[in-house]
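These are my notebook entries on a single protein chain.

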Amino acid sequence: MLILGAGRVGASVAEQLVQEHYHVTLVDDNAASLKALQDRLDLRAVVGNAASPAVLEAAGARDADLLLAVTPSDEVNMVACKIAHELFNVPTRLGRVRNPDILSRPELFDASNFAIDHVITPAQIVTDYLVSLVETPEALQVLDFADGKAQMVVVRVEADAHMNGKALSTLCKLLPNVDSRVVGIYRRNRYIRPDGDSVLEVGDEVFVLAASKHMRAVIRELHGEERKIRRIMIAGGGNVGFRLAQALQDNYQVKLIESNRDRAHWLAEALPNTLVLAGDATDETLFDAEQIDRTDLYLALTSDDEDNIMSGLLAKQMGARKVIAIINRSRYVGLLQGSRIDVALSPAQATIGSLLARVRRGDIAAVHSLRRGAAEALEIIAHGKRATSRVVGRRIEELNLPAGLYIAALIRGDEVMMAHHDTVIEAEDHVIVFVDKKRGIGEVEKLFAVKLGFF
């Protein structure tokens, strides 16, 4: 595995893959960044220009299965993918591109041009993630499967929720016509494998899966229903702040705070239905003047973690109903999530799922990183037949699943089915698998592998 760029995304992906025992080589022109990573991770580091054929050859491009180009430069990423394709025949090439002018020309990425198999745009991935949280204000995470037919939502149990203090088997009685499945409970950062007798407590983080059309009813029982979000304030008019305001401005009352006056003027012209304010997001006077106490949702989206933390805490103290903050240092995320900051989001963790879907072996439709990378939910397409597959044509109870690996649901055509012990997996089913520990990923890949003459 060859990763170009040792920034936040590159370092996060490298760390995750090293934990899963992949052979990783990291290329960057900053020797200090590489040294810091090499001191704590078992990987190979090469200092140099990621768009140099000589550097790529020295990094082992000839033997690489996959190249991930996530340097800060779109141009370097694109050239590196082209070189990897033309000179080294690297089978899979993923490149980060942020320039909207380039993104609007998808023909640039085909094999005869820059040969990028999959274009990654972290700002858009994070924006889509934030939009889902705006539309589902009770959730800590909202994950889509099978083009939105099914969802996994993470909610925190509140004191006034119907399910507080009740066993999970009660959920079926409260919603007799809704098929749902709780696949995980985290209580004080400890995983609890759920069964019908598991009793929910206030503060539990519950991972629940259901058909998307039923999810609102399920959330109501586990969390209680919050009033709809109408007034939104965003701090930071960078790539994510701009994209989010653009996505929300027609359906919500949006205010956007930007500290750079020139950027604020540009944003005001580009976002006609957003009120753009030139100012400091940690300014108590500005918050007071803009009625932060009447704000339903405050999002701290600047590039500075400390500013996001401080402005998020200030907004909450002054009366904002809900606060979401982007925190780039992943270690801070665990400290802040569930405090006065309701949702602390690591952009690297939000982005990593789209990368892992290409790294994993097998026909993976989606990978979602959970609990800051500690767990995963995968959507895997089952192929083969009983003679060539460990799963196709078999009941789930026959699979002898290892501890920590949990088949939660199947999507067959348009039908979403929660998995039971006697459910039979058929070829082309989209199977949703929950893995509570990273060491289970290899087991999942092995389980769904198709081999000729398996027996």
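Predicted model: local features only at pLDDT ≥ 70, side-chain atom pairs only at ≥ 80, totals over all residues.

The entries below follow that order.

**Entry 1: confidence**

I found an average pLDDT of 90 for the protein, with 96% of the residues scoring at least 70. I then asked which element has the lowest mean pLDDT. Helix H13 (residues 330-336) does, with a mean of 68, while strand E12 (residues 231-235) has the highest, 98.

**Entry 2: H6 against H14**

I next looked up how helix H6 (residues 122-135) meets helix H14 (residues 347-359). Their axes come within 9 Å and cross at roughly 100 degrees. Angles of 65 to 115 degrees count as roughly perpendicular, and I therefore record H6 and H14 as roughly perpendicular to each other. On the H6 side I listed Pro 122, Ile 125, Val 126 and Tyr 129; they meet Pro 347, Ala 350, Thr 351 and Ser 354 of H14. By class, the residues of this contact are six nonpolar and two polar, with no charged residue.

**Entry 3: H1 against H14**

I then turned to helix H1 (residues 8-19), which also packs with H14. The axes of H1 and H14 are 10 Å apart, at an angle of about 55 degrees. That angle makes H1 oblique to H14. I noted the crossing of H1 and H14 as right-handed. H1 contributes Arg 8, Val 9, Ser 12, Val 13, Gln 16 and Leu 17 to the contact. From H14 come Ala 348, Gln 349, Ile 352, Leu 355, Leu 356 and Val 359. I classed the residues of the contact of H1 with H14 as eight nonpolar, three polar and one charged.

**Entry 4: the five-stranded sheet**

In what order do the strands of the open sheet lie? I read the order as E18-E19-E22-E20-E21, five strands with antiparallel pairing. Strands E18 (364-370) and E21 (415-418) are the edges, each pairing on one side only. On average, neighbouring strands of this sheet are turned by 20 degrees against each other, direction ignored.

Ile 411 stands opposite His 430 in E22. Finally, I checked helix H15 (residues 441-448), which packs on the sheet and touches strand E19 (375-381), E20 and E22. The direction of H15 makes about 155 degrees with that of E22.

How values were computed:
Residues numbered from 1 in each chain as written. Heavy atoms only, no water. Axes fitted to C-alpha atoms, helices over the stretch in contact; angles between N-to-C directions. Helix = DSSP H or I, 4+ residues; strand = E, 2+ residues; numbered from the N terminus. Parallel < 35°, antiparallel > 145°, perpendicular 65-115°, else oblique. Contact = heavy atoms within 4.5 Å. Nonpolar A, V, L, I, M, F, W, Y, C, P; charged D, E, K, R; others polar. pLDDT = per-residue confidence, 0-100. Left-handed = near helix turned anticlockwise from the far one by under 90°. Pairing = 2+ DSSP bridges.
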